[in-house]
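This report describes how the secondary structure elements of one protein chain are arranged and packed. The sequence and the structure are shown first.

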Amino acid sequence: MNPLEQWPFAAVRRNHALEHATITILSQRHPSLRLVGRSDWGGFTLYGPVGSDDVRAAVDSALQRLQSGEVGLAIHPHCGTNLATGFVLASLASYAALSGKRRSILQRATQLVLGLTAASIVARPLGETLQEHVTTSRDVARLHVTQIRRLQRGDVVVHRIETAQE
């Protein structure tokens, strides 16, 4: 078993996987749909203009497909993990390129461009690896949905998906 499954964040990681799978399914059914998700210990929240029936169907399908072994649904290309990975890599590249006084401005600028280019190339695959091993969990066998609520916050449609884990 993955040692991270013993951490207090294991529930968040499972919900994060279900969030990704749900967003993927909704995006396949509605290609122009733009959603944002946020996972926590008790489930996840979706922000975006989608109907409650569509959310219910997508959540049910996502959970069933994850439990049936479609573990690739747990990884999403637009996850915040990928963004954060890119920011960290870009910050490290910038620091490495701009620190030190023995190099000329041209040398530092060249190193900065090369470092930022490398960071942008590596960010997504590294971010997806981090999703796979750190920020999501495919161990959803005991996960079940307890409630889906629609909330309207001004013009923003919000769905709260609550889960429980045996």
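## Helices H1 and H2

In this predicted model, helix H1 meets helix H2 through Ala17, Leu18, Ala21, Thr22, Ile25, Leu26, Gln28 and Arg29. The residues of H2 that take part are Asp54, Val55, Ala57, Ala58, Val59, Ser61, Ala62, Leu63, Arg65 and Leu66. Sorted by class, the contact of H1 with H2 comprises 12 nonpolar, three polar and three charged residues.

Two packed helices are described by the angle between their axes and the distance between the axes. For H1 and H2, the axes come within 8 Å and cross at roughly 120 degrees. With that angle, H1 is classed as oblique to H2. The crossing of H1 and H2 is right-handed.

Is Val55 buried or exposed? Val55 has a relative accessible area of 0% and is therefore buried, the cut-off for burial being under 20%.

Once neighbours within four places in sequence are left aside, Val55 is in contact with Leu26, Leu46, Val50, Ile148, His159 and Ile161. Val55 and Gln165 are separated by 110 residues in sequence, and their C-alpha atoms are 20 Å apart in space.

## The four-stranded sheet

Four strands form an open sheet in the order E1-E2-E4-E3, and their pairing is antiparallel. Strand E1 (36-40) and strand E3 (143-153) each have a single partner strand, so each stands at an edge with one side left without a neighbour in the sheet. On average, neighbouring strands of this sheet are turned by 15 degrees against each other, direction ignored.

E1 and E2 form a hairpin with two residues between them. Strand E2 (residues 43-47) pairs with E1 in the antiparallel sense over five bridges. In this pairing, Gly37 has Leu46 of E2 as its bridge partner, while Arg38 stands opposite Thr45 in E2. E2 also pairs with E4 in the antiparallel sense, over five bridges. There, Glu162 in E4 is the bridge partner of Gly43. E2 is mostly covered, as four of its five residues are buried.

## Helices against the sheet

Which strands does helix H1 lie across? H1 (residues 10-29) lies across E1, E2, E3 and strand E4 (156-165), and runs at about 160 degrees to E1. Helix H2 (residues 52-67) also packs on the sheet, where H2 touches E2, E3 and E4. The direction of H2 makes about 155 degrees with that of E3.

## Helices H3 and H4

Helix H3 (residues 80-98) and helix H4 (residues 105-135) have axes that come within 7 Å and cross at roughly 150 degrees. H3 is therefore roughly antiparallel to H4, a class that applies to angles over 145 degrees. The crossing of H3 and H4 is right-handed. By class, their contact has 12 nonpolar, 10 polar and three charged residues.

Ser94 is found in helix H3. With a relative accessibility of 22%, Ser94 counts as partly exposed. Not counting residues up to four places away in sequence, Ser94 touches Leu112 and Leu116. Ser94 and His144 lie 50 residues apart in sequence and 44 Å apart in space, C-alpha to C-alpha.

## Helices H1 and H4

H1 is also paired with H4: their axes come within 10 Å and cross at roughly 135 degrees. H1 and H4 are therefore oblique to each other. On the side of H1, the contact is made by Arg13, His16 and His20. On the side of H4, Gln131, Glu132, His133, Val134 and Thr135 take part. The residues of this contact of H1 with H4 divide into one nonpolar, five polar and two charged.

How values were computed:
Residues are numbered from 1 along each chain as its sequence is written. This is a predicted model: local features need pLDDT of at least 70, side-chain atom pairs count only at pLDDT 80 or more; totals for chains, interfaces and linings use all residues. Side-chain values use heavy atoms; hydrogens and water are left out. Two strands pair if DSSP finds at least two bridges between them. Axes are lines fitted to C-alpha atoms, for helices over the stretch in contact, and angles run from 0 to 180 degrees between N-to-C directions. Contact means heavy atoms within 4.5 Å. Angles under 35 degrees count as roughly parallel, over 145 as roughly antiparallel, 65 to 115 as roughly perpendicular and the rest as oblique. A crossing is left-handed if the near helix is turned anticlockwise from the far one by less than a right angle, and right-handed if clockwise. Ala, Val, Leu, Ile, Met, Phe, Trp, Tyr, Cys and Pro count as nonpolar, Asp, Glu, Lys and Arg as charged, and the others, Gly among them, as polar. Buried means under 20% relative accessible area, exposed over 50%, partly exposed in between (1.4 Å probe, protein chains only).
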